Amino acid sequence: MDIAGARAEQVAREDLVMFVNACFSCTGQREFYNDGRGQAVSIEFLHAYILGNYRRLYTRTLAAGINHFNQAQIILNLLASGKQTPPADRREEGALIAAALRALPPQRAYRVLDVLRERRINNRRSRAIVREFLKGRADLHFDAVKYRSKLRAAVAHGHLKLPGELNPFLFHGWRKRVFQAPLLETFRKAHYDASALFELPYTVAEGLAAKHQLPRDVFLRKIEPRLTAAERLRVQGSATRAQGAIAIDLGRTPLTRLALYVLSLPLAVRQERLAELHTALERAAVNSLHRAPVPLGRVAAVLDNSYSASGSSEKRRRPLGVALAAHYLLAATAREYRAFWMHPPEHPLLSRARGQTDLATPLLDALDWMPELVVVVSDGYDNDPPNAVAEVTRLFRTKLDPARRTTIIHANPVFASELYAPRGIGTHVPTVGVRDAEDLPTVLGFARFAEGASPLAELEDYLAARVRRMLEHAPRGHAGTELAEAPPDEEVA
């Protein structure tokens, strides 16, 4: 390969690594150092740039384990530009879009369908994708009640017809008739009979409870059996204020979400429930590793609990929550493990965001322990003193450990919009973006590409392998085959 070809390959690899890292960490929301507008502009630019220059790899990023926000953006951008899909890629692209849409949480998937309507995207492929998605939903009656407006908009936009009583329910209104489907009839009755609303999903019942002027504590007590695990966490504050108690099965709560819940509790409550919360986080870490086991050896974690780990009004305490969850995850998977907190707490559960960011000191302590792997969980804004950690990593890598007996990886839960990437801690340490601590097994595997040692062909093979796994585990549908044989997309009003 000539010099120009090698340089082009290097640029392509760097572009793709930057994009995948951004898709792990960025959600378009405000961060401690960046506002939401800057985040949105940066990630939109990256999506447009990668889509325009590397469409096949852009599509395959859907299988890379990126966060839901960026999966949704990729789906929308691909559906809006179907005419530009090379014929050889049509089948794979359609199958990936369908599988990714199906795997999204339902509220995000229906939001994607809603944005299709807002952007007036209504070509042959988008209609096939929406039709297959709705056909694959486990209970459309439930969706018709819980996501009524979004489902109605998607059906109208795609000129679709739903089975049974769903179309009359969505388009003619619940007042028009008595329904045979039990859930639809319960929804109709709940507008007149307060007792019926306790058989509805919580988010639907909540609005009707206000209409019936039910006291909050009475409503929460009676609706409790219908609450999902996420809803139980979300209503804790109002349940306490209403002098009620909502039972939570902490062991079934996802690890990072549980860590954020723990950090939201007052210090006195955390101290009182220390053993219970500690056991729950250990169990949640083990559960998350069942889905993605990654056995490790001697591991040190450098964990950032400086003031910037408090996050923003939209992502409150998320950086600290990811650090706490990573602590439990690494402890569960490592043969030997030690944590080195920036501001050491009495117990990890009693951590709080405070003080300046000094990554160099805990990193030196961690390296002195001589681990095989060091995982630094931080937003990368090293300021006490500025850039000291970059000099520490440079000297360690070039003078003390040129043979790379110790691997250092920086996992950053914060997207720096001005850099179009998570902020790094020096040129000698690979930085990978991360949304939740549960993503660590995935990003640890991706870190070798962020380090720059692996060629573009290896990154392409990595993405291709993840695509095969994703499609092998996806339910079989018809959209991929239909779209592979379809003529170029035409728009329909």
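This is a predicted model: local features need pLDDT of at least 70, side-chain atom pairs count only at pLDDT 80 or more; totals for chains, interfaces and linings use all residues.

The dialogue below goes through aromatic rings, cavities, a pocket and cysteines.

Student: How do I read a pair of aromatic rings?
Tutor: A pair of aromatic rings is described by the distance of the centres and the angle of the planes. Here, rings of Phe, Tyr and Trp (its six-membered ring) pair if their centres lie within 6.5 Å; planes under 30 degrees apart count as stacked, over 60 as edge-to-face and the rest as tilted.

Student: How many aromatic pairs does this rule give?
Tutor: The count comes to 17 aromatic pairs. Take Tyr202 and Phe219: their ring centres are 5.9 Å apart and their planes stand at 25 degrees, so this pair is stacked. Tyr202 belongs to helix 12 (residues 202-211) and Phe219 to helix 13 (residues 216-223), so the pair links distant parts of the chain, 17 residues apart. Helices here (H or I, at least four residues) are DSSP runs, numbered from the N terminus.

Student: Are Tyr202 and Phe219 buried or exposed?
Tutor: Buried means under 20% relative accessible area, exposed over 50%, and partly exposed in between (1.4 Å probe, protein chains only). Tyr202 has 5% relative accessibility and so counts as buried; Phe219, at 1%, also counts as buried.

Student: Which charged residue sits over the ring of Trp369?
Tutor: That is Arg298, whose charged end is 3.9 Å from the ring centre of Trp369. The rule asks for NZ of Lys or CZ of Arg within 6 Å of the ring centre and within 35 degrees of the ring normal.

Student: How is empty space found?
Tutor: Rolling a probe the size of a water molecule over the atoms shows where empty space is left. On a 1 Å grid over the protein atoms alone, a cavity is a set of points where a 1.4 Å probe fits but cannot get out, and a pocket is an open set with protein on both sides within 12 Å along at least five of seven lines; lining residues have an atom within 4 Å of a point. Grid points are joined across faces, edges and corners, and a volume is the space filled by probe spheres set on the points.

Student: How many cavities of 30 Å³ or more are there?
Tutor: The whole structure holds 2 of them. The largest cavity has a volume of about 50 Å³, and its lining includes Leu113, Asn122, Val130 and His157. Helix 6 (106-118), helix 7 (124-136) and helix 9 (148-157) each supply at least two residues of that lining. By class, the lining has 5 nonpolar, 4 polar and no charged residues; Ala, Val, Leu, Ile, Met, Phe, Trp, Tyr, Cys and Pro count as nonpolar, Asp, Glu, Lys and Arg as charged, and the others, Gly among them, as polar.

Student: What about the second largest cavity?
Tutor: The second largest cavity holds about 30 Å³ of space. Helix 19 (318-333) and helix 22 each supply at least two residues of its lining, which has 7 nonpolar, 1 polar and no charged residues.

Student: Which helix gives the most to the lining of the second largest pocket?
Tutor: Helix 1 does, with 6 residues. This pocket has about 500 Å³ of space and 23 lining residues, with Asn21, Val429, Pro430, Thr431 and Ala450 nearest its centre. The lining divides into 10 nonpolar, 7 polar and 6 charged residues.

Student: How many disulfides does the search find?
Tutor: A disulfide is a covalent bond between the sulfur atoms of two cysteines. The cut-off puts the two sulfur atoms within 2.5 Å, and the search finds 0 disulfides. The sulfur of Cys23 has its closest cysteine sulfur in Cys26, 8.2 Å away, which is too far for a bond. Cys23 is buried at 0% relative accessibility, and Cys26 is buried with a relative accessible area of 0%.

How values were computed:
Residues are numbered from 1 along each chain as its sequence is written. Side-chain values use heavy atoms; hydrogens and water are left out.
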